[in-house]
Structure formats: C-alpha cells, structure tokens
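Please open the model in a viewer and follow the stops below in order. Each one names what to select and then says what is there.

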8 protein chains.
Amino acid sequence: MEIREILQQVKDKAMTVEEAEGYLKRRPYDELGFAKLDVHRKIRQGFSEVVYCEGKKDEYLKDIFVRLYESNGEVMGTRASEHQYEVVRALLPQVEYDRESRILKISDSHRRKIGNIVVCSAGTADIPVAEEAAQTAEFFGSSVTRIYDVGVSGIHRLLSQLEAFQSANCIIAVAGMEGALASVIGGLVSCPVIAVPTSVGYGANMHGLSALLTMINSCANGVAVVNIDNGYGAGYMATQINRQSCSKEKG
Amino acid sequence: MEIREILQQVKDKAMTVEEAEGYLKRRPYDELGFAKLDVHRKIRQGFSEVVYCEGKKDEYLKDIFVRLYESNGEVMGTRASEHQYEVVRALLPQVEYDRESRILKISDSHRRKIGNIVVCSAGTADIPVAEEAAQTAEFFGSSVTRIYDVGVSGIHRLLSQLEAFQSANCIIAVAGMEGALASVIGGLVSCPVIAVPTSVGYGANMHGLSALLTMINSCANGVAVVNIDNGYGAGYMATQINRQSCSKEKG
Amino acid sequence: MEIREILQQVKDKAMTVEEAEGYLKRRPYDELGFAKLDVHRKIRQGFSEVVYCEGKKDEYLKDIFVRLYESNGEVMGTRASEHQYEVVRALLPQVEYDRESRILKISDSHRRKIGNIVVCSAGTADIPVAEEAAQTAEFFGSSVTRIYDVGVSGIHRLLSQLEAFQSANCIIAVAGMEGALASVIGGLVSCPVIAVPTSVGYGANMHGLSALLTMINSCANGVAVVNIDNGYGAGYMATQINRQSCSKEKG
Amino acid sequence: MEIREILQQVKDKAMTVEEAEGYLKRRPYDELGFAKLDVHRKIRQGFSEVVYCEGKKDEYLKDIFVRLYESNGEVMGTRASEHQYEVVRALLPQVEYDRESRILKISDSHRRKIGNIVVCSAGTADIPVAEEAAQTAEFFGSSVTRIYDVGVSGIHRLLSQLEAFQSANCIIAVAGMEGALASVIGGLVSCPVIAVPTSVGYGANMHGLSALLTMINSCANGVAVVNIDNGYGAGYMATQINRQSCSKEKG
Amino acid sequence: MEIREILQQVKDKAMTVEEAEGYLKRRPYDELGFAKLDVHRKIRQGFSEVVYCEGKKDEYLKDIFVRLYESNGEVMGTRASEHQYEVVRALLPQVEYDRESRILKISDSHRRKIGNIVVCSAGTADIPVAEEAAQTAEFFGSSVTRIYDVGVSGIHRLLSQLEAFQSANCIIAVAGMEGALASVIGGLVSCPVIAVPTSVGYGANMHGLSALLTMINSCANGVAVVNIDNGYGAGYMATQINRQSCSKEKG
Amino acid sequence: MEIREILQQVKDKAMTVEEAEGYLKRRPYDELGFAKLDVHRKIRQGFSEVVYCEGKKDEYLKDIFVRLYESNGEVMGTRASEHQYEVVRALLPQVEYDRESRILKISDSHRRKIGNIVVCSAGTADIPVAEEAAQTAEFFGSSVTRIYDVGVSGIHRLLSQLEAFQSANCIIAVAGMEGALASVIGGLVSCPVIAVPTSVGYGANMHGLSALLTMINSCANGVAVVNIDNGYGAGYMATQINRQSCSKEKG
Amino acid sequence: MEIREILQQVKDKAMTVEEAEGYLKRRPYDELGFAKLDVHRKIRQGFSEVVYCEGKKDEYLKDIFVRLYESNGEVMGTRASEHQYEVVRALLPQVEYDRESRILKISDSHRRKIGNIVVCSAGTADIPVAEEAAQTAEFFGSSVTRIYDVGVSGIHRLLSQLEAFQSANCIIAVAGMEGALASVIGGLVSCPVIAVPTSVGYGANMHGLSALLTMINSCANGVAVVNIDNGYGAGYMATQINRQSCSKEKG
Amino acid sequence: MEIREILQQVKDKAMTVEEAEGYLKRRPYDELGFAKLDVHRKIRQGFSEVVYCEGKKDEYLKDIFVRLYESNGEVMGTRASEHQYEVVRALLPQVEYDRESRILKISDSHRRKIGNIVVCSAGTADIPVAEEAAQTAEFFGSSVTRIYDVGVSGIHRLLSQLEAFQSANCIIAVAGMEGALASVIGGLVSCPVIAVPTSVGYGANMHGLSALLTMINSCANGVAVVNIDNGYGAGYMATQINRQSCSKEKG
C-alpha cells in the first residue's frame, strides 16, 4: 500500500489515525530480544533469511530455526557444526545436514530448479566452499553443474570442459592458493563470473588474502569477488543473476 | 565449424590437410608484434576489446585504436590522458573524450540502450569512477540511471531514492572512505549489487584498501566487489547481467 | 591540597619538613611487588581501577581483587574466565560473573544510575562485546538502553528505533564484519558516537581489522573509535561523556 | 511535526493529502545535480555542513559555498588550497583563509564561545592538524586552549601544564611518530581524550598508520581515535561533548 | 602424435573420423569425480604427480595413492600425517614414512641418482623443510648433499663448507628468522640458488613473511624464491635444473 | 694456490712472510673509496658485475663504468636514465642505451649466443621489465625468444605458442595485475619457470605486491619468483640455468 | 694468534706446515650432524652460546645441553617447556627452571655481578618477557634492578622511580599494548634504552606488531628495538653495554 | 637542589613561598609559543637538542637555530634542504652543510673526538644514511671509522675488514634491500650493533619495511634496530655507548 493510499483512507475515515500511524511506523521484523528476524525478506527480496550458525548459542539457534521455518516453510543455516545439527534435529527432525559444506537445511521439496549455474573449484581442498555455494544456489531454486579440480596448473582439465562453462547463466569460480582460476575462465565465457577465494594453502597465502588479491586484480572482464570462503554469498548472487535471466525468459 | 566437420571434409578431400591444420591451430587474434589484439572478442563474448590507455606509448595507442575501430566500428579506451586524446583525434577526428571519467571513445550511434542499471556514488569525489562505470555500461548498450552523493552518513538522501534503486536490473555502488554504501543498498534491493571501492579519502583509507575490505566483508547478500577505482570492470559486468535479463525478455 | 598551601604550612610550622616532603614525594599507589595498584584513581579520575583478568595468575588476581575491593568498596574485572570467577569467589563470595560479557564484579548497590547511553550492536554475534560496554557503563553509574541486531544490511530495523537513538547522551556502536553501523548512526544523531569494531566475521575481516578501518574512515561526523572488541573502553568513555552532561545538569 | 500530527491534520482537512505526502516524502536536502547539500543538518544535528575542499572542482566548490552560506549565514571548508581561496573570495569577499590549517571560512561573528577544549600537539610539525581541530571547534562555538610541542620524549613539558589539561571538558591530543601522547594524557585527566594520529614522521610510521595503531592500543582509559590527520573530526566531536557539558550547565 | 599425422591418417583412411575426434578431444587425466588425476604428467613433464596430503579425506587419499602408484610405479605425498601413513599402508604396505619431513612415498628403487644438489639450512629448526626439499629431489632422481645449521650469524660455519657449495648444480637455501642465508650463498657460488623461507621464528617474523621478504629483496644475483615452508617446490625445481645439466652431459 | 702450498713456500723461503700474509689476507676487489668493485666476479662466477644506476651520482657512475669496462671489456647498467646515458657516453662513446628497458651497455660483440630462453609477458605494459630480462640474458650470452601479450585472460593467445614454450631451457614469465601467467605456463612445460611480478596495475595490486603473492603461491611445480620489476635478476638466473644446460652439451 | 705469528713460526720451524694448515682451516665449532655448536663463542665474543629450546627435539636438546655445559661450565636455554626441563634434569640434575621466564640454566656460581641494568615493564602481563631479559643479563654477569608495572597511563608510578632509572648503565623497557614506555624513559635518562615490544594486548595490537611500530617510531633519542617478546636479545645487548662501561671502569 | 633543602629554606625563611613554588613547578624549557626548546637537555642528558628540519617553516627554523646556537655554542639540524641552508646561513654564516647527509651544523671546534664507532654500509646507495649516522656521532664527539659497500652478497669484502670491526666500541650497520648485513656482523664481533634499515631498494622492499623486518628478526645476538633511514638515531645511541665505554676509561 502506497503512502498516498493510506493518507486517502485517513481522509476518508476508512482508516483511523492510529492504524495509519501503525502502518507507517510498523516494524517489518520479529523481535526476539536478542535478534530481529527479517521475516519479510522473502517477500521483499525473494529470498528467505539464512542463518549463519558459527558461534550461535544453542538456545538462540533453536528459536531462530523454528521461527524461520514456521514463517517460510523452509530454512537454511551455513557453517553449522555436527552438534548444532543435533540441537536442531531434536526440534525439526526433517532437517538435513551435509558434513562437507556444513549446510543445515529444510528445503521446499516443491521448488522447481531453473536455469544453469556452473560451480567450479581449482582443487579438491576447495570443495567444501564450492559445495556451500552449490547447495545455497540449489536451496534458492537454481540448477547447478559442478566441475571440480580444474586448477590452472593443468589447464587441459579446464579446457576440456569448455562447453559446459559456456552454457551457464553465471559461473562461480572457487580457488585458493594463487587463485588464478577466475581470470582464465573470465576470458573464455560471456556470462558473469563470481570469484570465491578460499583459505586453502599455506605460507604466503595468508589465509586466503593472497587469492583474494589475485582475483580482485583480475585482468579478465566480468569478474567480481566475494569474501574468502564465502560460498554462501556467491551462491546467493549467482541465483539473483540466474533468476533474472530465467524469469524474463517467460516474460 | 566443429572439429568433426573439419575432419569429415578432410576425409572427403573437401579440405586439404594443410588447410585443416591451419584451421585447428589458427590464432584468433591480430599480431601487432608488441600486442595481440583480440579482434574476435566481440563475436566470442559479445563485447569488443577495450583499451587501457594509462602508460601506453603513443605509437602503440594509435595502432590499437585504428585497428580496433576498423574491426568493430566502435572503440573505447579508459584512463586516457588529454594528450592521448589529441594523439588519437589526429587519426580519428570523430573520437570523443570525457575529462571526468577519462574515457576516450567512438560509440556506435545506432546501438539501442536496453534495460536499466543504477550507478550510485557515496560522495561527489567518487563521481569520476562512477562515470567510468556509467559510460562503460552505456558504450556496451545499457540504459543507466545516475544517483550521486547518497553516502550513508546522510541516509535520508539514499532512502528518498528507493524506488529508483528497486527498479534496476543491477546496481553499481561506488564509494571511497568507509565504503558502507554497498551494504545498505544490498539490504534494500533484490537485484545484484556490484561494489566499486574508490581511492577517495585519506589517512587510514590506504588508497582505497579500507573501502575494499569493507565491501568484501559486507554482511548484505548479493554484493560482489571489483578492484579499487575499477569503474570499467563494474560497468562491464553490470552490462552482462543487464543483457541477460533483457535478451531473455524477448526470448 | 595545593603546593602553595603545603609550603605555607611549612612556613607557618603547621607542617614539618618531613611531612611536607612525604606529601610532595608520596606514591599514590599500592606497591604489591609485581604490580602497582592505582588506588587513588577513584579520587583522581572518578573511576576506580578495573582489572584486565585475561592471563593473570591466580595469586596475582586474588591479591588485586581484594586490595581494590577494600580500597573502593567495589571492584570490576574484564575478560574473566569461569576459573577466575571460582578463584575470586572463594575469597569474595558476593562477586558476580556474567558468562556472556565475561565481567566479574562487585557493584556498589547504592549507586544511582544517571543519564542515558545507548549501546547498539550490528548482529547477535557482537552481543558479548556490546554487553561488556553496557555493563561497564552501568558499573560506573550510567543508565543504559540496549538496541541489538540492527546492522545496516536491514536498515529498517535501525530506522524504527530512531527516537531511542536520538534521546541518548552518547551512543556506543558495536559491529564486526563490515562495521558500517557507526557511520549510519553518526549521520542520524547529534550526540557523540563511540565505535567498537569486533572480531566477528571471517576471511578478509582479519580478526576485526577491516571493521576498525571502516570505522576510522567513517565519513560521518562525531564518530571516534576504540580498539577491536574493547567494549570496556567504550563503556568507560561513554560514562565520562554521560557524567559531564548530567553533572552539569544540576550545576 | 510528528507523523501523528500530520495525520490528524489530514483527517481534519487542515492539510491536503498532497501536502501531507510531500511532507512525509520530502527531501531534506538541496539537489545540485552533482551533490545533495544537507541544508537541514544545522537544524537536525546543530552543526552546519562543512565542505571537504580537497579535489573539488572550482564550479562545484563555488555553488556549494554560496548555497551553504545563504542557508546558514556561515560556512566552513577544510583542506582548501590557496587557489580555492581565490575562487571563493571572488564570490564571497569576506571569506577568511588560514594557510597553516588550510581552513576557509565565514564565521558567524555573533556566536559566543563556550566551555573549554584543550588542543595539544606532540611536535611543531603536528600543528597544522592541531589547528584544523582547534579552528573547527571554534567555528562551532567552543572556547579552545592550545598547548603545543608537549611530546612524551620530554615529559616535563607536558607535566608543567597539568592544571590546564585538568580544567578541560574534552582534550584533543594530536601526535605523529610514535603517537604516545594520548596515553599519557589519558592517565592524567578525567575528561574524554580524542586522539588524532598524524602522518608526521618517516620510515616505519607508514604515513601515520603506526601512530594510529599506538593510539588504538592505548592502555589508558577514556581515549578514542579518529582518522589520521583528521583534525576536523576531532574538533567536531569535542564540540559535541563540550556543548553537552555546557548546555546542561544552564538547564 | 602430431595433429598433422592424425589428419594425414584420416585422409588416408588409416583412422576413422571418430577415432581422430576422440584423439583430438581426449582428456589426458583420470576422472575420479572429486578429482582429475594428471596421469600423463610423467610423460608430459618427466615428473609423476605428487599428492599434497594435508586435509585430504581418507577415502580420497586412498584412491589417489593407489591410482597414481598403478600408473607410475612410484608415488609420493607431502605433509602426510601419521594417521594418513596408516591409512595408505593398509593398502600399500611397502609405503615409507619420514616423520621429520612428513613425506610418504614408494620410490622406484631402480632409479639412479644423478648430478648434485646442495640443500642447506640456517638452523636446526629449519631441518623439516630442508628434508622435504632433499627427499623430493632424491625421489625425482637427484643426488643430494645436506649441509645443515650454517646460519649467517656464525659465518665461519658456512665458509668452512665453501667447496661443497661450489660443486653443486643447484643450491637450495632454507632459512627462517631473518632469512639472510640465500644472499650470502648467492654471492659465493655460480649456480642458481633456490631460497625457501620457513615459518621458524617468532614475533615480527610473521610466520615466515619476513624471511620471504628478505629473500625476495636479496641483493645477490641468481637467487629466486618459493613459498614459505615449500621444500617440495624447491626440490622439484632444483631437480629440473640438475636434470638439464646432467642430461645434456651425455648429449 | 692452496693454503698448504703457500705455507710450504714460506717454509722453503720461496715466499716471504709478508707476501704470504698479503696473499692470505688480500682483497679481491678494487677500492674506490665510496665503492668496492668486484672485479674478480667475472672469473669467480662467470658474470661481470652489473651497475644498478638508479640514484647513483654522476661522478660515481663514471668511475664505475670506466673501471668495469677496462677490467672486463664489457659493461652493463640497469635502470639508467637518459641523463646517465649522456654522462657515460661522454666518456665511452660506444655505449648503447635502450629507452624501454633502460639498459645502458657496451656488449662484447664476439660473444656467441647459446641455448634458448623464452621471455614472455602478460600485457604490453609489462614489456619494459620483460626487455630488461631479455637484454640481460643476451648480454650474458643467451639466445632469447620473446613472446609478449599472452596474459591468461585470453588463454588461446598463450596456447597457440605452446611449441615455442616447450623448446626452452628456461622460461621467464613477466606479469603484473593478477600475475597468473606463471602458474599456467608452469603446468605446460618441463623446464624451470622464473616468475617476475611487475608493478603494472592499480588499486589493490599494491605496486606489484599482489602479483608477487600470486606467483609465490603458485600451485604449479617448477616456478620460483624474483622481486617486483626485477627483470635483471630473472635474466641473470635464467642465464645460469641456460649455461649449465649448454656447457654440459659439449661436455 | 695472528696470521703473521703463525707464518713466522712456520718459517722458524716452530710449527709444522700441517699444524699451521689445521690452525688456519680449523672449524671453530662442534659438528653434531644435525647442528654445529659454536663452542668457541665464549672466547670469541665473551658469551657462551645459548639454546633456543622451543620446538627442539628431546634427543637434540640433550646432546646440545651436555656438550655446551662440558665446554663452558655453564649453559642456558630460553623458551624451555616444563617437559624439556624434565628431559635435561635427568642428565644434569643441577639444572634450574623458572616457570615465568621459561629459562632453563646452570649458572656459574662464581661469577660476580657487575654494573647496573634496569629492567622495567609497562604491565604485569609483560613480566615473563621482562624476566627473560633480567635473568639473561644476570646469567651473563650483570646486576639487574627490576621496576615493574610502570606503564605510561599512570605516569606518576614511573616518575617516582626516576632516580633508579637515572643510575643505570642501560635500561630495558618492556611493553605491549601501545608500547609508549620506551619513549617516555628515553626522554628522562642519558643511558641507552633497549625497547622490547611484547605480544601482550588484543585486537589491533596484532600480536605485538603495533608496539614494535610505536617503539621503532620513538621520537626519543637513544632508543633501539629488538624483536617482539625477545627478552633474551635485550638482556644480551644490555650486558654488552654494561660490560663495556664497567670493564673500562678499571682500565 | 633537593626538595628537602627547598622546604628547609622555606621553613628558615631563606626562601619565600613564591620562590619555592616557582622552583618546584618551574618549566625547564624556553617557551617560543610554537615550540618549547629543551635548552636544559645538554646538561640533563649530555647532548644538545638537534633540529629535525624537514618541513619546518623558515621563520621557525631561524628562531630555533639561533636560540640553540646561543644556548649551546653549537647546533645541528638533520634532513635540511639546500634552501634551509641558505636561510640559516643568512643569520649564522659559519654554518656548514653536507649535501649527502643533509646535515646542517655549527660544530664546537674544541671538542676532542673519543673512542671508536664503526659505521658500515651495505651499498653505495646507503651512504647518505650512513653519513647522517657518522656525522651525528662526530658532532657529539665520537671518533668514527667508515667502512662502506660491504654488503653480504660479496662477503669477502666484509671479512677483509674484520680487524677494524672488532676494534669498535659500537658498530652501526646501515643496509637497505634485504638488510642482512647486521646479522653477519653481529656474529663476528663482541660489541653492540645498531642496525639501520634504509629505504634503498624497490618492489617488495616496501620503502625499507622489508629491511627493517630482516633486522628485527636477526638471529645474531647484540643487534638492536632503529627506524628506517634514521641515521641520526643510530649515531646518537652509538655515542651514548661509546661515551660510557670511554668516560669510564679514565674513571
């Protein structure tokens, strides 16, 4: 409802001043005391709120999972521990946990997967982050193609998958160590590439900072970067792009 | 032409071994000696190659501009100096130069602008980078809405433009100093946000590194980051997203 | 007593040379051998000395807590462990321990709370630091309003609390990740804002350094910054400001 | 005017729907195209907007200075160059320029200076930043006491001024090189200390970063830090504190 | 087989189109799903692929070790844990494990050691990295001379071994702390020096970054650097150089 | 002459004590007062000393160039300015200066070029550093193949030159921005790769530090790194490797 | 014995050629295989070699302690663990261990303590490093005065000890957090000050790097800095200075 | 005069209360308004105050030079420009200026040089910093031996000067690039070594930070470090040590 409509209804006595005030001032979130759940987000942005589980107290986690599940009919948490899985499962037995990506979720089983996102990783050690990206994208309704272990030091592995890369609406490139994967892919495709540096490596990789710098300095076009190990953020943004490509498809 | 077709023609003697070898090995670029121009890029990726002018020698710059213009019927350079404008104009008098963004270009006047990209900046000092982004997006055929001077320390300026933000296919958020603009916008819209840190500021901003870190650590969803002052990169990627949204529109 | 008064008394024989010498040279601290307790601080600065517990040996901790409690009738320690709580409780059974903020204290129950400090946090993970700030301010006699989980990526949560923010004498803004909270608040209020970066986050937040840089580079006026996770320091300085506002109230 | 009042007036037909809509939506800033001047700030926060001159184009600068002067009857710019002084003086001949602090301003001559802020500097090379702080505080109506060249490597210089320090409502401590001044002062006074690191020094001071780190890590209570060389920010916040202390004085 | 030969055979019907297509497109790696083993590397580069064991899951590790051993008749892993040794030994009982260098391997017992590589270390704490380098070089067929504990703070220890250094085809200099070893050696010999910074040290060595910077800034000629603690990388490259020197020997 | 021989001659009175002392203590360098020229280096290491010209005073430069030329019959300086060229040419008219690489030299025209070093660059802006490497290698007697503008964002340009890369004794990979070139090449060849990060780029490349980190973290085998923009160092070490390969050729 | 003397004796047949050769070539260290013990250091530099225990294997540690004790009649290790104490005590039961400083030693009980070194610390948490410095100086024969907990945030504690400071031959200033102690002391005394940054602190102290930078940037004269937590290094150098002052005393 | 004496005189009416108060509170420095000259320093610490000229305004510089010269009969400035030399010479024609070290001074011609300090540099480019150190030490009355261009990449140059090094009371080691000089010297001598990193170098030397880290991490004993390019600080501290050694000489 637009401001003008509300005012018109006040003028017309179709709405009381108090109702109008409440409407204009009302809080689009649930107050839990310790947290303010953004239950309107699914309507406002088309994505339900996701829980960052790391370090959350058990009691907080339980409240948040139940409340979000009740509001949205689905719920997802990232960086969940085995212990947190047990805590949530006691309340919501249908919850699923993936040890590699550490994602804890109840998916909406009726959601149709659309479009095509390619998630690729440079090495096998990058797979946990790549899976966080892939499963996030799937949770939000994207079809995902996984292409793992295609680091640039053996470029033939990557080149042999060129067709798969070129058919994507968006590519997520996950790499640690020197992080050069995103640049090479960026030069081969015409869709946007979201680069995810990982903390995989040792010494001067400085927990992923080196890979982050490599990716930010990429000389390829169409590459943007999210935080180190932030598979979730990449999966989210790739879904935004994938959805826009697809929703317009039928427009 | 697919490999299989080539092989078939060889078998059928429709193509000599030498021709086929040339085809399989041929270089999809122009060799200038000092540079290898990627003249096929417009076909391969849908974007013609853009020239990074800073520090290019005059003789190189002239060759590259002429060759690209002849191949593509349009040409764009970034970070061009006044002097470089003069150098190119001597050969290509129709070239245009914008002192603020330092973009040097001959646009294809027949190109229709499609979709909608919002380019916003935190302060007036960020405008040169914002303009590089906006004009790049326009050069590649995107419609652009500019919303400048909406930094987060006066949040009402930003909130009063909410509708404009929410109608975009992609938003480019340009900010120096503390770089918080991208996070606030990311929380208000459902389209992807490309964050561009700028080197505007002083002291502990460390030439934009501080704004870059702010943006990479954004707690908002749907935000990815390009290099400091890289308006061009943001304009390019925003166009990729904008095009995918639109081209599907009529599909 | 001023130097001039002492000298006058010496001249008048109202004080012996030895007494005067002792007065002029005396050490305003308790010598414990391993430490020099600043027992005069409550008189000099209006705040009793607070104990930074982390890493203190048990025997040192006990001595210090008892000595300060005896001098001041109240005592507070920060970053105390569960174990240290047990150690101190054995000697001072009335001591209280808060697991979230890790504050260990015996408050002066007769102290009236004055003024108004708002302590806000960006996320739920920032609450331990926010509580350290809030409880420090309360220990020193300030009234505190807590507003948690109002990070900038959901700006409506913050805006709906605007009145509460605008009624404060001082605001403490606690945020990790990208740390943009302080800038947004700084632009909305007319009182000073003390920004506390936290180490909450991962990857390129570099244990809070990124949030610290964001806050130091804030483009909002009236924002100053304390060390990462230094809730105590913020609570202390906010109390100084709050007291000055109030003590003058009755002047 | 509160929302409820507006609504009541709409109901009572004392205000049209259009007027009310305008009021609820109106922009509290002047749109200059390239900038959005916050002309309401003086009313909202009690401080008129100040212009950061560095790098501003001449035409922008002229527009902004004239507009702010017309709105507020006073105007101040920081980091102005000699050239910018000439540009503004052509339009506003009464403008004053201080070469040391690089402040360009038209002060309100009727404003009474209140309270007491001490601005101190470690060395003579820190004076330009100290003067930016001092003159900002004076512009906003604070009385200022200057105590320069009292660095900690000659501690007797500082100690001999103890009374002056202890009489302040707020102290601004400006120091480059090792930046230890703020800690020493913080331990001697009961009012808040705003620390300003400067870029004075060489080698491992890294353009002020070292002094910033020193100050952020201060073991003294009641010290908070602003950006390197940010005298303006310190003068602003000190004025907030000074005003609160004084305005309550007569309450 | 060269492309031209394949085409000729197609033309001559000595090869079908399908065979030729397969040959031109075929993947020179084994697809394990989670990984793409580069089993052709031994042929392509003369070195079999080596496994970086740290963090590899047991099931992955087992598959990879067996597959590589079957392909190459030898296999080596670096940074293997005691546990991983047990896991692999259960399948390949002939595997050997060295606790100091953490190398896990089955060597080809028939390989003749050739040439001469000197591996030296600055301190005894650098020996694990030095051993990783030495054993890698030996695995790939190089003769190795070890000279340990010859740091520059007791230069006579190094100088007394001068002849040994001067007889090498390549020297690997392993040092933590200040990392000056490589510069001193670089000035004394005529063969290339590969410098390996180690994370040995404390405080401002920043986990080896300081030694890395020292080595990168070496004023000696003929020094190049690999990653912190990367003994493997140094052993590999030294072997490349050693082999080239020797293989030509008989050419 | 061995120590034992000297002692024997002393014993036999074939050498005086003074002569022997002089021999055992003698300085293998020329004392110029301000500098100690290492005129024996050509004999000891097989390379004559090279002059780092940047910032050298004119009088020093002249002395050094003349002395080295007289000793060695050839002389080379790096990072020479146009002005320094004039200064040296006044004394040694046969000196040659290359503006791109800034190398100033008198080559030994009789030296035969041997072996094969490939010098490649990612972009045209990296050519000055690549040329410093190439001309250094040529000065010391290596044959050099140049392959420029083959950055990884257009991987086809690099792949089409594969044969040239695979025929080298050593490859020098010169790249700024994200510096990924070395990793891709390292995976394609069997000879050592010397990676040279350049300061080409902007923003988060931090004057080449980002490229340096990328290269140091390379996941390819057989890659080692020299300092940012240190083409000379790479050319020197590549020559060491090339010589060893070749000199053994005839052994 | 000078070279000339040796040669003269050879000439005079007072020494055989073999003896002379042995003398000129002999290694002034004990070869343990894994280590080269510098047993001549006590003669050469007047200090016996000290063992850095952290991370040393048990078998290495035992060999080294016994060998050094046998050579020198005294032995000291730094950063020893409780476990290492047990290991060494089994062989050398007279060894003493101090849990605070982690020093493990057998002192020469006949050594007279000379001169005067003041070791001061900013806080109680800095005492372990201060004790490492103090006990090192005592082991090497210096008299030490300890003045702890005199940080600059309570400057009266330091000033009340002024006489003690001014009577020293050398002062060691140990401080973490903001590290300002060294500057204040440097301005009050005329003897050299050795500053030891400690890793005490949190947040932006970055494990002592911040204190190190403060100290390196000290504006006081006569201050030099050793590595973070390097109490040993400070104690060693202070002893050198103290000895020179004293040994000359009787000269 | 001791406090007790003053009090006694007050009691005895030998001193008025006002005189005593003045004495107890008096400022031991000259107030110039903009600066507080420490004219007592020569008496208190035995060194007259030295002027850091860089960036000082002409009028300030003149006042300071004249005042210090009048007080002390000698005066020295560091980092003086040619222009500043002219400014001072107009008032004090006997002032001397050294272009290399940028020292501007009037020495006390009657001062006898005592003791022995060795100042050594790694390269010729480090000489300006080395000269600042040497001339500072000489100004304060030390004898100085210069040994330049003895960098560790040609270790024989350094070793041939061993006797000179071993005869010093203190050594100043000046080095840029990798900064390894201090470690090598520290292992060869028994006197203290003051290490001065210089900003000489390029690329990853980061304006001297790399050399600073090398020196701080030195594994040699008896090495402490001053700021990058701080020749003055090293010369000052070396003089303190040299004086203590010598003054005791005649004690």
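## Stop 1

Select R111(A), which is partly exposed at 22% relative accessibility; the classes are buried for under 20% relative accessible area, exposed for over 50%, and partly exposed in between, with a 1.4 Å probe and protein chains only. This is a predicted model, in which local features need pLDDT of at least 70, side-chain atom pairs count only at pLDDT 80 or more, and totals for chains, interfaces and linings use all residues. Residues are numbered from 1 along each chain as its sequence is written, chains are lettered from A and ligands numbered from 1 in the order in which they are written, and side-chain values use heavy atoms, with hydrogens and water left out.

R111(A) lies in the loop between β6 (103-106) and β7 (114-121) of chain A, and E74(A) in the loop between α4 (58-72) and β4 (75-78) of chain A, so the pair ties together parts that are 37 residues apart in sequence. Helices (H or I, at least four residues) and strands (E, at least two) are DSSP runs numbered from the N terminus. E74(A) is buried, with a relative accessible area of 1%.

## Stop 2

Go to chain D and select E74(D) and R111(D), a salt bridge whose closest N and O atoms are 3.4 Å apart. E74(D) is in the loop between α4 (58-72) and β4 (75-78) of chain D and R111(D) in the loop between β6 (103-106) and β7 (114-121) of chain D, so this pair ties together parts that are 37 residues apart in sequence. E74(D) is buried at 1% relative accessible area, while R111(D) is partly exposed at 24%.

In chain B, select R146(B) and E138(B), whose side chains meet in a salt bridge of 3.0 Å, N to O. R146(B) is partly exposed at 33%, and E138(B) is partly exposed at 22%.

Back in chain A, select E131(A), E138(A) and R146(A), which are linked in a network of salt bridges. How many salt bridges are there over all chains? The count is 72.

## Stop 3: a charged patch

Select K11(A), K13(A), K11(D) and K13(D), which gather in a surface patch of positive charge. Patches consist of residues with over 30% relative accessible area and no salt bridge, with like charges joined within 9 Å and nonpolar side chains (Val, Leu, Ile, Met, Phe, Trp, Tyr) within 5 Å. K11(A) sits in helix α1 (residues 3-11) of chain A and is partly exposed, with a relative accessible area of 31%.

## Stop 4: positive phi

Select D149(A), in the loop between β8 (142-147) and α7 (155-159) of chain A. D149(A) is not a glycine, yet its phi is positive, about 65°. Is D149(A) buried or exposed? D149(A) is buried, at 9% relative accessible area.

Then move to H207(C), in the loop between β10 (193-197) and α10 (209-216) of chain C. The phi of H207(C), also a residue other than glycine, is near 55°. H207(C) is exposed, at 64% relative accessibility.

## Stop 5: strands and a loop in chain E

Select strand β7 (residues 114-121) of chain E, where 6 of the 8 residues are buried. β7(E) pairs in the parallel sense with strand β8 (residues 142-147) of chain E over 5 bridges; pairing requires that DSSP finds at least two bridges between two strands. Within this pair, C120(E) has I147(E) in β8(E) as its bridge partner.

Next, select F140(E), in the loop between α6 (127-139) and β8 of chain E. F140(E) is buried at 3% relative accessibility. A distance drawn from its C-alpha atom to that of V87(E), 53 residues away along the chain, reads 24 Å.

## Stop 6: a sheet and a helix in chain H

Select the open sheet of 4 strands in chain H, ordered β3-β4-β6-β5 with mixed pairing. β3 (51-52) and β5 (96-98) of chain H stand at the edges with a single partner strand each, so one side of each has no neighbour in the sheet. β3(H) pairs with strand β4 (residues 75-78) of chain H in the parallel sense over 2 bridges, and Y52(H) stands opposite T78(H) in β4(H).

Finish at helix α10 (residues 209-216) of chain H, in which 8 of the 8 residues are buried. Among them are L209(H), L212(H) and I216(H).

Conventions
Accessible areas come from the Shrake-Rupley method with a 1.4 Å probe; for residues, only the protein chains shown count as cover. A salt bridge is a side-chain nitrogen of Lys or Arg within 4 Å of a carboxyl oxygen of Asp or Glu. Lys and Arg count as positive and Asp and Glu as negative; His and the chain ends are not counted. The place of a charge is taken as NZ of Lys, CZ of Arg, CG of Asp or CD of Glu.
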